[in-house]
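Biologist: Could you walk me through reading a fold with a sheet, some helices and a core? I would like the general idea first, then the case at hand.

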Amino acid sequence: MPTSMRMTISRSSVVAVAAALAVALLGPAAHAAPSAGSSPRESRPVYSYADAVRETVWVDTGLDGDGDGRTDRVAADIVRPREPARQGRTVPVILEASPYYSCCGRGNENQTKTYDADGHVVGMPLYYDNYFVPRGYAFVAVDLAGTNRSDGCVDVGGRYDIRSAKAVVDWLGGRARAYTARTGGTPVRATWTDGTTGMIGKSWDGTIANGVAATGVEGLKTIVPISAISSWYDYYFQQGAPLYGSGPDRLADAVESDTARAHCAAVQQQLVDGAPRTGDWTALWTARDYVRDAAKVRASVFLVHGMQDLNVRTKHLGQWWDALAKHQVRRKIWLSQTGHVDPFDYRRGAWVDTLHRWFDHELLGYDNGIDREPMADIERHPGQWVTSRVWPPRDTSAVTLHPAPGPQAGVGALGPKASRGTETFTDDPALSETDWAARATTPSPEKVSFVTPRLTRDLRLSGSSQVTVTATPSTTTAHLSAVLVDLGPDTIRDYADAAEGITTLTDRTCWGASTAGDSACYLETEAKTTRVDATVVSRGWADLGHHASPTHGVPLTPGRAYRLTVDLAATDHVVPAGHRLALIVAGTDKGLIDPPSTTPTLTLDLARTSARLPLVGGPAAFARATS
């Protein structure tokens with residue numbers, strides 16, 4: 001982060017004084033009502049955070065997930081500036097719906113909501129209320145159904161989850177009912193807002209933003225999904241290959257309240273029954289696939305993801321981005337080198353400034369030029385960012401590369417010409433993609449690798465790749481992994497570390513106004529780096545038994561050849577001159593997919609195996625880089 005953006009903990013007092021002076025000198029009307037002929041470009045912190053209205057409403061979802069005979073109400077905790085309502089003006093809303101507000105916490109410091117003795121919200125996680133409420137926004141934090149203070153049951157991305165947040169968006173727009181209490185109470189209307197709403201959140205929270213946008217709900221103007229899921233099947237499986245040893249029922253159990261746990265056994269069982277560990281696609285997954293409803297999205301989308309996120313993998317990013325592009329949804333994107341990390345913790349100053357400008361443009365309608373700036377920001381090296389006018393760049397095209405045998409068995413060439421021959425490997429569940437990458441140019445029994453010549457020019461991949469294999473298994477079950485590897489020395493963010501590419505420091509910086517119960521000051525971070533000789537830049541997995549149908553797997557016939565295309569995760573990576581690009585095909589990727597029930601040996605037919613890579617500059621760029 002540039003030093004000009006960095007502020008020490010003393011910033012809290014400075015912000016408070018500045019806000020007070022702004023209110024005294026300019027008055028609140030200066031923020032909301034610019035002079036005739038002028039066009040505001042930035043919302044200013046002219047409202048008092050200390051005097052903000054803090055209230056809770058319970059919004060009726062219209063569903064009865066817990067089966068108690070009454071419709072479920074979800075808790076929406078609100079912090080909004082007091083002054084606009086007194087002056088007869090309305091404000092837009094920034095909304096985050098989460099299952100984590102009491103069980104697990106939000107942000108790098110695992111913050112939860114806090115309440116006073118009367119149940120009024122005192123502290124909100126993260127800085128959104130501290131920063132944006134003084135600037136004329138309301139912040140609304142919704143407890144998903146079955147969590148914290150909400151009724152209902154957790155159904156992990158299903159209609160209870162999505163309706164939890166959508167009902168609040170509808171209430172903000174005057175289309176749903178809310179009350180002053182969880183039971184009984186009096187009706188309450190959101191007269192203080194014009195119904196203009198933006199949603200934000202990381203991981204599950206960002207996933208809810210995707211899902212609500214995919215309903216086409218009125219009033220939702222923008223979403224900012226950070227490291228978010230676009231289809232829940234692809235969180236637990238990829239093309240039949242199981243990615244975790246459990247299903248959505250375990251995730252629901254981790255976040256649901258004690259009340260929900262006592263009343264939601266039927267919903268829990270539905271999660272078990274609807275998500276068999278076979279990897280087959282069921283109706284449960286169809287109901288949780290937001291990509292198929294991308295045509296309904298009315299909101300703009302500012303998508304943020306770590307390219308080395310091995311929790312919510314970038315397959316979610318790629319398929320959602322492509323679907324939104326197909327339906328001409330306005331989009332912006334940030335891609336970092338981190339794992340599952342919020343941009344507040346790897347590019348803090350630039351992130352807060354960019355998010356501020358995005359919400360000013362999308363929710364307040366300010367013409368600040370952000371819509372005319374480059375679409376993509378991409379972290380090329382730790383802390384070093386580049387931009388792309390559009391993403392992927394317009395001169396990106398798919399280039400088909402083919403494997404060829406080499407002088408050593410198991411290590412071949414990768415180039416534009418098809419070749420004949422076979423290569424064989426045996427699944428070893430004890431090894432991972434980093435093990436394969438470390439010996440990409442060395443024969444080893446658990447994988448086969450195909451390597452380009454040493455590049456004479458940089459070669460940029462931008463988008464999603466596919467690898468088509470024709471494989472003959474020796475047993476009735478087999479899983480496949482395909483990874484792209486940049487072979488060459490580099491310093492990268494240490495995404496495999498527990499903190500996934502960042503180190504948390506001891507000093508704090510402040511981002512907004514604070515109160516005794518809600519600090520705007522957060523521990524700073526810096527990049528945690530590691531020196532490597534090979535970098536996995538994209539990966540994908542599949543169950544060979546799902547070769548004929550993504551919805552249903554079948555036992556394999558040993559000795560029979562099967563053809564399958566494996567989708568690889570989206571990325572944007574430059575393989576620099578002097579490095580080589582490798583395609584590795586193997587079996588179980590330890591720690592990322594579960595092994596099959598047998599230990600197969602697989603033989604690849606090279607003539608019917610290929611990779612389609614999104615290369616900037618297309619075939620000509622590959623030819624130049626390998627000449």
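Modeller: Here we take the sheet, then a helix pair, then the core. This is a predicted model, where local features need pLDDT of at least 70, side-chain atom pairs count only at pLDDT 80 or more, and totals for chains, interfaces and linings use all residues. Residues are numbered from 1 along each chain as its sequence is written, and side-chain values use heavy atoms, leaving out hydrogens and water.

Biologist: In what order do the strands of the open sheet run?

Modeller: Strands of a sheet pair through backbone hydrogen bonds, either parallel or antiparallel. Here the order is S7-S1-S2-S6-S3-S8-S9-S12-S13-S14-S15, with mixed pairing. Strands are DSSP runs (E, at least two residues; helices are H or I, at least four), numbered from the N terminus, and two pair if DSSP finds at least two bridges between them. S7 and S15 each have a single partner strand, so one side of each lacks a neighbour in the sheet.

Biologist: How do H5 and H6 cross?

Modeller: Their axes, lines fitted to C-alpha atoms over the stretch in contact, come within 9 Å and cross at roughly 75 degrees. H5 and H6 are therefore roughly perpendicular (65 to 115 degrees).

Biologist: Which residues have the most contacts inside the largest nonpolar core?

Modeller: In soluble globular proteins, nonpolar side chains tend to be buried together. Leu95, Trp192, Met199 and Trp320 have the most contacts in this core of 78 residues, a set of buried (under 20% relative accessible area, 1.4 Å probe, protein chains only) Ala, Val, Leu, Ile, Met, Phe, Trp, Tyr and Cys residues joined through side-chain atoms within 4.5 Å. Its largest share, eight residues, comes from H5.

Technical notes:
Buried < 20%, exposed > 50% of the residue type's maximum accessible area, 1.4 Å probe, protein only. Axes fitted to C-alpha atoms, helices over the stretch in contact; angles between N-to-C directions. Parallel < 35°, antiparallel > 145°, perpendicular 65-115°, else oblique.
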